[in-house]
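Student: I have a structure open and some questions about its contacts. Can we go through them one at a time?

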Protein chains: 4
Amino acid sequence: VSFPRITGVMPPMITPFLENGDVDLEGFAENVRKWNKTGLAGYLVNGSNSETAYLTEDEKIELLRLTVKNAGEGRHVMAGTGMESTRETIRFTNRCARLGAQSALVLTPCYYGSSMTSAALVEFFTRVADASEIPVLIYNVPKFTHVNIKADAVAALSKHPNIMGMKDSTGDVPQLTSFLNASAGQDFQIMVGTASAWYPALAIGIRAAILALANCHPDECDAVIKAFDAGSMERSREIYKTMFPVNTAVTATYGIAGLKAACDRKGYTGGFVRSPLLNSTPDERLAVEKIIADAERRLLATA
Amino acid sequence: VSFPRITGVMPPMITPFLENGDVDLEGFAENVRKWNKTGLAGYLVNGSNSETAYLTEDEKIELLRLTVKNAGEGRHVMAGTGMESTRETIRFTNRCARLGAQSALVLTPCYYGSSMTSAALVEFFTRVADASEIPVLIYNVPKFTHVNIKADAVAALSKHPNIMGMKDSTGDVPQLTSFLNASAGQDFQIMVGTASAWYPALAIGIRAAILALANCHPDECDAVIKAFDAGSMERSREIYKTMFPVNTAVTATYGIAGLKAACDRKGYTGGFVRSPLLNSTPDERLAVEKIIADAERRLLATA
Amino acid sequence: VSFPRITGVMPPMITPFLENGDVDLEGFAENVRKWNKTGLAGYLVNGSNSETAYLTEDEKIELLRLTVKNAGEGRHVMAGTGMESTRETIRFTNRCARLGAQSALVLTPCYYGSSMTSAALVEFFTRVADASEIPVLIYNVPKFTHVNIKADAVAALSKHPNIMGMKDSTGDVPQLTSFLNASAGQDFQIMVGTASAWYPALAIGIRAAILALANCHPDECDAVIKAFDAGSMERSREIYKTMFPVNTAVTATYGIAGLKAACDRKGYTGGFVRSPLLNSTPDERLAVEKIIADAERRLLATA
Amino acid sequence: VSFPRITGVMPPMITPFLENGDVDLEGFAENVRKWNKTGLAGYLVNGSNSETAYLTEDEKIELLRLTVKNAGEGRHVMAGTGMESTRETIRFTNRCARLGAQSALVLTPCYYGSSMTSAALVEFFTRVADASEIPVLIYNVPKFTHVNIKADAVAALSKHPNIMGMKDSTGDVPQLTSFLNASAGQDFQIMVGTASAWYPALAIGIRAAILALANCHPDECDAVIKAFDAGSMERSREIYKTMFPVNTAVTATYGIAGLKAACDRKGYTGGFVRSPLLNSTPDERLAVEKIIADAERRLLATA
């Protein structure tokens, strides 16, 4: 039995909220239908950019159902299913499996961060993968978890028959290389988790990405790998470098609220963030829009 | 209307688990009944040392019920009620209020840590305190959350009529001083959250503590403030310094598993940790027991 | 043979510069003569607040000569003598010894920080102390060095017959306690290196301090220990808490330039900083002066 | 007037010491003569891997003289000339210029790290470049300095007519991209400062590197760019990935002592480190040698 093979870009889908804080289910479903018209390889539902930390289990389930229902044919549906405890992660992963998730992206537990040694993480992911009805991917995102999985743990876990890969969101290209080396020879797909490293990741041999930027600029993210695979490394790198400031704006500088402003600007439903996140101010929205306009102008000029 | 006044020490109660991973409810209740025989000022249920990150809401509720039912007269019952989202924190806080919690200890949200600015935290705690049916305390524990609330936010929140104080677990005494200065003149109780700073905290005017060490050594923790209030600063400091290595062992060095080993050793029910935490090895248990024996011998020698 | 005993406060003396960047030797000497009229226990020349990193060896020597010449009777003269290499540290320490320094404050080497393990630091300080003609103190200041000496190294070094103590500038009171425990029974004087922890340090049994704040407010720093030793803990704490914001201003917020502005304001010669440090703007000087005025008003009001 | 153009790899040359701690000048000169037989583009003398922090000015000058004297024709000679103060940096830079250094690599000042804002760094490098008789490169190495220059400062400094580029040793490829974007359109050469990012740096358009690994494996480092420029990206990447563990060993894991062990193994004079660095143990030397042997075997197998 072999794993589904993911090539290309998936968005960690934003969750639009209404002003009263409820999930905007219609806006969400419409986003998926719009993304279906692009070259995206699939969808990650309930990832970090989905404000999953603020969602109840019922809401997460509803978003997964809508994703499965609306995703275009051939699009991979991956669900974020990590919880802090091993038993809850297994339970929720299998609940998502039965609703149609094709793979599970499982966050490194992080609250007791100094206890999350390689030994603890290897045991955690092994138990989860042993029990999961769908293939599991490790989700490494120290920016949020302050836990950074080590190459020795990746080496051990890459051998597990139900662990299909990992998403590394550090943007640390030497670390990606060390993970590639650690899992060499295994059926293990490493996905890069930030557009700030998308082109360099391709250059070192990575084939897939889950990118916040793909929410608002799916075509541009996709064009990086399309140009690369067509042998136009120059153009691939040009698009990457041109979109770099947009990515910085919708992640590091303005956060999820900024990403939602960008989505609104690009014809998707960004909507409100959920408290305690704060919505963008009008000035912040303008700043995001200007950065987008500048990048798009440069992309056209160099096309 | 005035807040309940807490003077002395409360344990952030451990949650004993059975080998199969279920909560040992009987062990937990028995612990409370044993602690009732000490000078502890009250109980914190569902704190960090309770492995709360690994508990389901049903389990948290059951632990709160057992605490309310078993707590001796005059002992304050505080419940950890923080969730990542504002709306869930409010809902769960009021659920706990109705079950008998006298105050709510609310963790700083932390997943989107770089977005947890003073503005965001002030809005979060204000909304929670506005809606809460019981007094609220801010819970600041960067060791786990990687968020460290600033003095300007404490200054603003200390004025809220339903925020009774905070627990600061950094052990950073200059920071405690800055919080005392920031909240000067307000009805705002600052509790220190680590035995590594218990005596210095008393020296700068703090009156209460929530200490992991109080799970296994409630009398020694209590003796620090009792001696201090009796004017025996020398003895108070001596107990503090003697217990210091035990505290290091059951927190920084051996974590919650080590704390549970210490509880087992002292006649309480420590029990198993829940996965992905790893249980102590026999060598680690011996090391903890030796450190305890050394400290107890020195305490006797200097008494 | 026993070590000189230091009780009370020493300033890590600022080095005033002229606008052209030369050392203002006259201003420096005059500062020492003014400080002689206060209760300061001695002087540290060529410490971090002296902008020593920017001084040539000739300049350091000249400042030491002026200190030895101008220091009032009974005032301890300590010289910062740390260099990155062991051999240079020994050479320079003994050069300072011959010019009249009574003790040497030796910085932890730090450029190759990850190599500065306990083993490396124990060997470094042992070699230096073996060869030094004057008693040696360890200088631990992670804020500048990003190296934080561990309790095991302190335990080993506290036994050396030519190491008289250490200055710990972290402000980490639990760490100070661990150092007190580690050196218990040895002739080893621990000095606190920040006014943000001066009163708590006294409370745990420390007897001396080297405080940036003592450059501009020597009497207030001295009053904290004087009141403490007179049994007026309340007043000691009051002065500490009142001066706390001034200390924050002249260290964390406005740095050495801010400290110099405060010195100018208090009748000492602050002077210019040396490039690449930037001088205070007029607004920054006003902010420092306002914080000082507020604190002095409160001190009077509570006296 | 235009800058010398550097394409390819330069070693930050190690400084071999004798057992008594003196510089092994003969060993050093012989190393240069051996490296002349490789494809190295030039030499960096008095960089971080030269243990420059432990060298006196006389020793640095002697090493520069030997480099100038022994460097093969067409090899660029760059000298590390950074000091903490602006005035000393200028003086020493020009002293090196007169002895034949073709460019100066100037470290970001770092002791007062929190004061090293973009404004301070821009002023520092501008003053140094204004006064320097040779072109200046910015040296950014947060691993040692804990200062990380920001893109806005790089943007400003890249316009200076006497700043020819920078060495960035973070290995942070997204940051390298941001620096490329910030200096776009300027005559500004960005050199990567770690072999862990050599191939990805080439992929994003960087043309030169200063690599610790080039001390012991100059040919392999050079082969990465040679293969790349020949259009064999696959082979370039293969060499990079194969040498990756060797680089980790001689930097992060075993430090400069490990790098020297590797140099000894490869026929260069590694020699002793200077105290307070500790020499490699026999076990550590064996570990380094095994990692080298494994990599060399794999390189051959895939050639």
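Student: How many residue pairs are in polar contact between chain D and chain A?

Tutor: This is a predicted model, and side-chain atom pairs count only at pLDDT 80 or more. Both residues of each pair counted here meet that level. Between chain D and chain A, the residue pairs in polar contact number eight.

Student: How many salt bridges does the rule find across the interface of chain D and chain A?

Tutor: The rule asks for a side-chain nitrogen of Lys or Arg within 4 Å of a carboxyl oxygen of Asp or Glu. Over all chains, the structure holds 80 salt bridges. Across the interface of chain D and chain A, the number is zero.

Student: Which three residues supply more of the area that chain D buries against chain A than any other three?

Tutor: The area buried between chain D and chain A is about 1,600 Å². Carbon and sulfur atoms give 65% of that area. On the chain D side, three residues supply 29% of what chain D buries. They are D:Pro174, D:Asn181 and D:Lys241.

Student: What kind of axis relates chain D and chain A?

Tutor: A rotation of 180° superposes chain D on chain A, with 0.0 Å of shift along its axis and an RMSD of 0.0 Å. The two copies are therefore related as by a two-fold rotation axis.

Student: What percentage of the contact residues of chain D recur in chain A?

Tutor: The same surface serves both copies. The share of chain D contact residues that recur in chain A is 100%.

Student: What is the radius of gyration of chain A?

Tutor: Chain A has twelve helices and eight strands. Its C-alpha trace spans about 50 × 45 × 40 Å along the principal axes. For 303 residues the globule rule gives 19 Å, and the value for chain A is close to that, so chain A is as compact as a globular protein of that length. The radius of gyration is 18 Å.

How values were computed
Residues are numbered from 1 along each chain as its sequence is written. Chains are lettered from A and ligands numbered from 1 in the order in which they are written. This is a predicted model: local features need pLDDT of at least 70, side-chain atom pairs count only at pLDDT 80 or more; totals for chains, interfaces and linings use all residues. Side-chain values use heavy atoms; hydrogens and water are left out. Buried area is the accessible area (1.4 Å probe) that two parts lose on being put together, summed over both. A polar contact is a pair of N or O atoms within 3.5 Å; within protein, one must be able to donate a hydrogen and the other to accept it, and residues adjacent in sequence count only if both atoms are side-chain atoms. Copies are superposed by least squares on the C-alpha atoms of residues with pLDDT of at least 70 in both. Contact means heavy atoms within 4.5 Å. Helices (H or I, at least four residues) and strands (E, at least two) are DSSP runs, numbered from the N terminus. The radius of gyration is taken over C-alpha atoms; the globule rule is 2.2 Å times the number of residues to the power 0.38.
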